[in-house]
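My notes follow, in the order I went through things.

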Amino acid sequence: MRPIPATSSCLPAGGRLPGFQHYFPRRTVKLARKDYLFTSESVSEGHPDKVCDRISDTIVDAFLGAMPEARVACETLATTNRIVIAGETRGPEEITHEYLAHLARLAVKDIGYAQDGFHWETADVAVHLHSQSADIAQGVDSAGNKDEGAGDQGIMFGYACRETEELMPAPIQFSHKILQTLADVRKSDPNSPLGPDAKSQVTVKYADGKPVGISSIVLSTQHVDASLSPQDVRAIVEPHIRGSVPEGWISADTVWHVNPTGKFVIGGPDGDCGLTGRKIIVDTYGGAAPHGGGAFSGKDPTKVDRSAAYAARYLAKNVVAAGLAERCTIQLSYAIGVSEPLSVYVDLHGTGEVEEAKLEKVLREVMNLTPRGIREHLQLNRPIYARTAAYGHFGRTPDADGGFSWEKTDLVDAIKAAVA
């Protein structure tokens, strides 16, 4: 390869380095694809990793319920009849290790595990939580003229689109809904043959950029009756799956794979080790939008991995709900110990009704994006997190007690007024 020609600090006449076009050819604009298939997966509350997310978020709720300013960074591991909880906390002394072990058992019981290999009552629960690092605390705590800083450096993304009424991508939204429906069916019938562990996968067909149908459905679900065949399981779940997606989206051409490996009796942490934070794409947008990398579960809202990701989704959803774009991606970035975000980036994917640079300025005006500002605006210092541990943190209905507050569209008028 020819070396790049040496040049002075000034460009030659014409403003172009000689021979440089050979290394950086003229860019061509690539139009977005209109017709394609896209797939997302979800996992049930009984999936090993989700069991761990649920326990970790149950511990977050316990601390925030006792002290709204508590700090928690909690990880859980689960395997055959064993649960290990570790991390750092700062909170009231009455939240003992024994009490947290009891809460972990109740979470496992609610999920539905009372099997020989993983039983809520007999599993060994070890709690290894210790005090939060003073070095981390000094960066986050307010002092003098210093506002509360971010709990870590990092990038967070939020996304919204018009594919569903929840303003979520269709593949992940319907993957979640299938599993939520099957969990409700299982819990409402004590004689249900379905077990807690399950995974779904939905491939959506897009025409002219819009979702129009389901190309394939994959469902693997635990069953307590070992004699059931995949055909038997499909007969049980198919009516509920059809009721979970828009009418007409499943056609004669839709490909079904139900328990494609055959028998699925051994499930949950007895069949596969679980760990907090391993299902971040399931938790967010199913791969239809970027993810900053940080997990949510087990973290109190001073950790911007969680709170700023909620804020980014909140802003993106309100932008789309305001009619300013068909799709919106927002990125926020932070430095540990620093209050203000380092950057706010907006991408409307060519569907916008307003300039993205203007919107980036407006969003800083309509919402305080410091860690304290986010927590106060969305009222995040409450015990509202165990419910987020399965079936997605986004695309959910806001609860009366403040759960899923980031799914509200109460900023629509403020954003419209600010960009007018």
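**Cores**

I began with the largest nonpolar core, which has 78 residues, and found that Ile85 and Leu359 touch the most other members. Helix H7, residues 304-321, gives the most to this core, with 11 residues. Apart from it lies another core, of 25 residues; I noted Ala170, Leu179, Leu219 and Ile250 among them. A reminder to myself: this is a predicted model.

Next I looked up isoleucine 85. I left aside its neighbours within four places in sequence, and the contacts I then listed include Ile55, Ile59, Cys74, Glu75 and Thr76. The list for isoleucine 85 also includes Ala104, Val125, Ala126, Val127, His128 and Leu129.

**Alanine 86 and its strand**

I moved on to alanine 86, which is found in strand E3, residues 82-90. Is alanine 86 buried, exposed or partly exposed? Its relative accessible area is 30%, so I put it down as partly exposed, since buried would need under 20% and exposed over 50%.

Which residues does alanine 86 touch, not counting those up to four places away in sequence? I wrote down Ala73, Cys74, Glu75, His128 and Leu129.

**The four-stranded sheet**

I traced an open sheet of four strands in the order E6-E3-E2-E11, with mixed pairing.

Strand E2, residues 71-79, pairs with E11 in the antiparallel sense over two bridges. For leucine 77, the bridge partner in E11 is leucine 275.

At alanine 207 I found lysine 210 of E9 standing opposite. The hairpin of E8 and E9 has two residues between the strands, and aspartate 208 there takes a positive phi near 55°.

How many bridges join E9 to strand E10? I got four, with E9 and E10 (residues 255-258) running parallel. Leucine 219 has valine 258 as its bridge partner in E10. Leucine 219 was already in my notes as one of the 25 residues of the other core.

**The largest pocket**

I put the volume of the largest pocket at about 690 Å³. Its lining is made up of 22 residues, and Arg33, Tyr36, Glu163, Gly209 and Arg327 lie nearest the centre. The elements that give two or more residues to this lining are strand E1 (36-43), strand E7 (154-161) and strand E9 (210-223). I sorted the lining residues by type and got nine nonpolar, five polar and eight charged.

**Helix H9**

Last, I checked helix H9, residues 371-378. Which residues of H9 are buried? They are Pro371, Gly373, Ile374, Arg375 and Leu378. H7 and strand E12 (327-334) are among what covers these buried residues. Glutamine 379 follows H9, and I noted its positive phi, near 50°.

Note on methods:
Residues numbered from 1 in each chain as written. Predicted model: local features only at pLDDT ≥ 70, side-chain atom pairs only at ≥ 80, totals over all residues. Heavy atoms only, no water. Core = buried A, V, L, I, M, F, W, Y, C linked by side-chain atoms within 4.5 Å. Buried < 20%, exposed > 50% of the residue type's maximum accessible area, 1.4 Å probe, protein only. Contact = heavy atoms within 4.5 Å. 1 Å grid on protein atoms, 1.4 Å probe; cavity = no way out; pocket = protein on both sides within 12 Å on 5 of 7 lines; lining within 4 Å. Points joined across faces, edges and corners; volume = space filled by probe spheres on them. Nonpolar A, V, L, I, M, F, W, Y, C, P; charged D, E, K, R; others polar. Pairing = 2+ DSSP bridges.
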